[in-house]
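Good morning, colleagues. Please have the sequence and the coordinates open while I take you through a few local features.

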Amino acid sequence: MTASSAAPGAPLPVVLAGARGHGRWHVENIRRLQAQGLVRLVGVCELTPLTEDEFGGELPEQSDDFGALLDSTGARAAVVCTPIPTHTALALTAAERGAHLLLEKPPAPSYAEFRRMADGVAAAGVACQIGFQSLGSHAVPAIRDLIAEGAVGRVTGIGGAGAWVRPEAYFRRAPWAGRRRLDGVDVVDGALTNPLAHAVATALALAGSTRAEDVAGIETELLRANDIESDDTSCVRVTTVQGGSVTVAATLCAERADEPYVVVHGTSGRITFWYKQDRVLLQRADHGPEELRFGRTDLLENLVAHLRDGSPLLVTPDDTGAFMQVVEAIRTAPDPAPLPDGAWRRVPGEDRRVVPGVDALVAAAADRLSLYSELGAPWARPAGHHLPKEVSTR
């Protein structure tokens with residue numbers, strides 16, 4: 001089945017795998033597009049069936065067998081919002097049946113699994129969109145145009161900052177949460193690979209370095225204040241083949257939650273992009289600051305348009321290859337170092353841990369394109385270096 005075989009005008013029959021947790025957002029989004037006549041939800045795949053009260057209305061067909069559900073419903077597309085280690089197998093199950101895909105980020109827990117998924121999907125001839133919703137923002141091409149026009153001079157680097165708060169219960173919400181491995185299988189949950197993965201992917205997109213072969217080297221500093229396996233306070237610096245630098249710092253232990261952003265540094269100005277808000281601040285020499293707001297194309301809606309009229313997909317698997325190189329560098333790095341007791345504290349009545357001063361460090365890392373250890377954080381250890389293995393350029 002190919003994209004060109006989509007029936008024009010008919011709602012696209014869709015199965016959703018994973019309707020709880022973040023999957024609830026997909027339920028509401030599918031309902032929105034269903035009301036517009038673009039899609040039709042024909043099945044939900046969950047290990048424990050949803051009730052009508054939980055679902056908020058009449059339920060479509062349900063099954064805990066994804067392949068059987070695709071077969072019985074005749075779904076033409078699937079939205080996969082399940083635990084990270086299940087992504088590759090479910091994506092390939094859909095591809096084998098000719099079902100097109102919206103696959104949540106991160107697309108896989110390792111580069112090998114990502115490659116297996118991407119190659120399998122390509123061989124099956126189905127369309128696959130990876131769920132980096134920020135890359136549907138109309139701000140992304142607008143910022144690329146500003147860079148190309150020289151609005152801020154020569155780009156000297158791109159930074160990213162994410163200062164979020166998460167209660168300790170966040171890491172207990174599912175067996176895989178806060179884990180690097182589970183039952184011998186890679187999970188690679190962590191601040192940079194999951195909750196703040198958009199900061200990494202968006203920074204790489206603005207750098208024009210989205211494919212695996214665009215990455216020359218990666219440095220990581222992975223730490224944790226919580227009693228988990230994965231990192232909750234981390235930073236990464238990617239050196240691109242073009243010679244550029246992308247540095248992203250993140251924490252889930254901020255003193256106060258802030259909007260994550262990506263900043264383009266130029267020789268004569270900067271462009272700051274708050275990617276969840278589709279808001280841009282352009283600051284340049286000899287001009288007053290300009291604030292710009294943009295719309296956004298929903299990724300499932302873009303997948304439908306691709307199948308109907310050949311509109312280009314916004315986030316193909318290969319467009320996330322550089323991000324997956326970062327995931328691989330984090331996967332193969334030494335396990336995150338626990339912060340010393342004096343470096344974090346509990347917030348009374350809030351069931352969360354805070355690293356005092358980390359908010360300013362995250363901002364400084366994005367501003368100066370520096371890692372925590374280079375900024376003098378006493379608890380940071382020098383970066384581990386990762387050079388990508390030879391990668392497929394398919």
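I begin with the cysteines. The sulfur of Cys45 lies 12 Å from the closest cysteine sulfur, which belongs to Cys81, and that is too far for a bond. Please keep in mind that this is a predicted model. A disulfide here requires two cysteine sulfur atoms within 2.5 Å, and by that rule the count is 0 disulfides. Cys128 is likewise in no disulfide, since its nearest cysteine sulfur, again that of Cys81, is 14 Å away.

Let me turn to the interior. In soluble globular proteins, nonpolar side chains tend to be buried together. The largest nonpolar core in this model has 100 residues, and the members that touch the most others are Phe66 and Phe323. Which helix supplies the largest share of this core? That is helix H7, spanning residues 197-206, with 8 residues. Apart from this core lies another one of 28 residues, including Ala161, Val355, Ala364 and Ala377.

With its neighbours within four places in sequence left aside, Phe323 is in contact with Pro106, Pro107, Phe132, Leu192, Thr193, Ala197, Val200, Ala201, Leu204 and Thr210.

One of those contacts, Pro106, has a further feature. The peptide bond leading from Lys105 into Pro106 is cis, with omega near -15°. Pro106 itself sits in the loop that connects strand E5, residues 100-103, to H5.

That brings me to the packing of H5. Helix H4, residues 87-96, packs with helix H5, residues 111-124, at an angle of about 5°, and their axes are 9 Å apart. H4 and H5 are therefore roughly parallel to each other. On the H4 side the contact is made by Thr88, Ala91, Leu92 and Ala95. H5 contributes Glu113, Phe114, Arg116, Met117, Gly120, Val121 and Ala124. By class, the residues of this contact comprise 7 nonpolar, 2 polar and 2 charged.

Next, a residue in a strand. Thr272 belongs to strand E14, residues 269-274. Is Thr272 buried or exposed? Its relative accessibility is 7%, so Thr272 counts as buried. Beyond its neighbours within four places in sequence, Thr272 is in contact with Tyr261, Val262, Val263, Arg279, Val280, Leu281 and Gln283.

Finally, the backbone. Most residues other than glycine have a negative phi, and most peptide bonds are trans. Val188 has a positive phi, near 55°, and is not a glycine. Val188 is located in the loop between strand E9, residues 185-186, and H7, and is buried with a relative accessible area of 3%. Asp351, also not a glycine, has a positive phi of about 50°. Asp351 is in the loop between strand E18, residues 345-347, and strand E19, residues 352-354. In contrast to the buried Val188, Asp351 is partly exposed, at a relative accessible area of 36%.

Thank you for your attention.

Terms used. Residues numbered from 1 in each chain as written. Predicted model: local features only at pLDDT ≥ 70, side-chain atom pairs only at ≥ 80, totals over all residues. Heavy atoms only, no water. Core = buried A, V, L, I, M, F, W, Y, C linked by side-chain atoms within 4.5 Å. Buried < 20%, exposed > 50% of the residue type's maximum accessible area, 1.4 Å probe, protein only. Helix = DSSP H or I, 4+ residues; strand = E, 2+ residues; numbered from the N terminus. Contact = heavy atoms within 4.5 Å. Axes fitted to C-alpha atoms, helices over the stretch in contact; angles between N-to-C directions. Parallel < 35°, antiparallel > 145°, perpendicular 65-115°, else oblique. Nonpolar A, V, L, I, M, F, W, Y, C, P; charged D, E, K, R; others polar.
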